[in-house]
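Student: Let us go through the terms used for this model, one by one. I will ask for the grounds each time.

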Amino acid sequence: MAKKVVAEVKDYDPLKFFDEREVSPLDRVAQFGVIATREAIAHSGLTFDGGLSEQTATIIGCGVGGQSTQDENYRRLYRDNAKRLHPLTIPRLMVNAPASQMSMSCGLRGPAFVVASACASATHAIGLAFQMVRGGQAPVAVTGGAEACIAFGTMKGWEALRVLAPETCRPFSRDRKGLVIGEGAAVMVIESLEHAQKRSANILCEIVGFGMSADAGDLLSPDAGSMGRAIDAALKYGGLEPSAIRYVNAHGTSTAANDATETEALKRAFGAHAKNLAISSNKSMIGHALGAAGALKLVATLMSIREGLVPPTINYLGPDPACDLDCVPNEARAIRVDAALSNTFAFGGLNAVLAVRRFS
Amino acid sequence: MTALIGKKLPPDKRNLQMADWLDEIGIDSLMAVEMIFDLEAKFDIQIPFNANDAKLEFETVGEIVAAIKKITGKS
């Protein structure tokens with residue numbers, strides 16, 4: 001394989017998080033999901049007793065499921081001529097496994113499923129969870145995304161698509177050469193305001209808007225008009241004037257097409273205010289975790305509201321005229337952010353945007 | 001062979017006796033299919049087993065050991 005740059009979770013040892021018995025049914029992607037879920041629930045301070053377990057939704061984004069299990073199977077079958085596969089092959093690789101394992105691991109018995117829309121999976125998942133909580137279907141939702149597809153066969157597929165960066169990810173920069181595949185999971189607990197206030201929860205942020213669109217056009221080339229419609233919809237749903245947004249956590253994959261098209265979409269949606277926005281891409285630091293990306297970046301977005309510190313777009317070499325917005329190059333910046341967007345735009349033309357606001 | 005059968009059990013329960021009943025020592029259906037997988041791989045054999053069968057062909061550790069010996073032709 002010519003290109004080998006990936007953003008993997010380094011020095012990960014499953015046995016630091018699971019015992020041998022627990023880990024057997026879990027592909028790496030489900031392990032990441034369960035670890036993040038346990039952390040999120042512990043941080044929330046919630047206990048799921050008194051009927052709350054049955055009402056809590058578990059809605060998780062995942063692009064492709066247990067790819068390392070799949071890859072290992074193929075290797076055993078086709079290269080090693082193995083006569084049999086591990087009996088837990090199917091439950092390990094099924095794309096819903098992260099939601100199932102999170103629900104089992106934490107005793108969450110309400111609506112539970114995985115949402116798959118490639119790079120937008122987690123944003124769609126969190127958006128759905130948000131709507132379920134807002135609509136009264138669930139007082140609490142555990143939501144986010146998980147992905148772990150850095151397996152040889154999967155990476156060969158990415159290589160064939162000719163979109164991988166040969167050295168590193170530099171979104172919105174001149175001389176950007178494509179994306180770097182990452183992996184990981186991020187999970188958050190969302191609650192209705194009433195439920196959170198009743199238990200005096202530490203409210204990190206308020207999710208206010210969710211917008212979606214489909215390009216119904218090219219399979220791979222992004223569409224500024226369609227991206228813009230998702231942004232407009234998130235703003236409208238959230239009752240936010242475009243001028244209220246200070247920061248956009250961009251999709252920013254570091255492909256030539258995405259970053260220029262996303263810039264154009266932001267200009268369409270924000271008009272003259274686009275020049276005042278800080279926009280940055282976490283993918284410059286953690287790679288593109290595909291189905292988990294929307295969750296990882298939403299956590300970064302709400303933390304920038306909390307901390308008054310916007311993450312940078314690192315590896316930036318200098319301006320590309322097609323990406324002429326302020327992408328917070330190379331260094332984090334202290335800015336007060338009261339409202340922000342988190343963009344995700346998937347291959348296949350599926351777009352999802354979340355709007356979050358400081359809770360006061 | 002009993003080490004393979006007991007692999008998924010907690011360390012203090014891995015000292016198996018031939019008369020031990022699988023359900024009593026805590027081998028559930030999931031452990032059973034993993035155990036069969038391990039035994040098949042170790043001895044390069046096919047163990048006839050269908051999880052839908054109401055009656056298990058192997059209910060004790062000794063019955064498994066006897067079945068494997070029969071398949072592999074060792075006494």
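Student: Which residues does His273(A) touch, not counting residues up to four places away in sequence?

Tutor: His273(A) touches Pro242(A) and Ser243(A). Contact means that the C-beta atoms, placed from the backbone, lie within 7 Å. First, the ground rules: this is a predicted model, in which local features need pLDDT of at least 70, side-chain atom pairs count only at pLDDT 80 or more, and totals for chains, interfaces and linings use all residues. Residues are numbered from 1 along each chain as its sequence is written, and chains are lettered from A and ligands numbered from 1 in the order in which they are written.

Student: What separates His273(A) and Ser243(A) in sequence and in space?

Tutor: They are 30 residues apart in sequence, and 6.3 Å apart in space, C-alpha to C-alpha. His273(A) sits in the loop between helix H11 (256-270) and strand S9 (278-280) of chain A. Helices (H or I, at least four residues) and strands (E, at least two) are DSSP runs, numbered from the N terminus.

Student: Why is His273(A) called partly exposed?

Tutor: Count the other C-beta atoms within 10 Å: His273(A) has 16. Buried needs 20 or more, exposed 12 or fewer, and partly exposed is in between, with C-beta atoms placed from the backbone. So His273(A) is partly exposed.

Student: Which residues touch the most other members of the largest nonpolar core?

Tutor: Ala129(A), Ala141(A), Ala234(A), Leu277(A) and Ala292(A), in a core of 112 residues. Such a core is a set of buried Ala, Val, Leu, Ile, Met, Phe, Trp, Tyr and Cys residues joined through C-beta atoms within 7 Å. The core draws at least three residues from each of domain 1 (6-198) and domain 2 (206-357) of chain A. Those bounds come from an automatic or database domain assignment.

Student: How many residues does each domain of chain A give to the contact between them?

Tutor: Domain 1 of chain A gives 47 and domain 2 of chain A gives 44. H7(A) gives the most to the domain 1 side, with eight residues.

Conventions: Contact = placed C-beta atoms within 7 Å.
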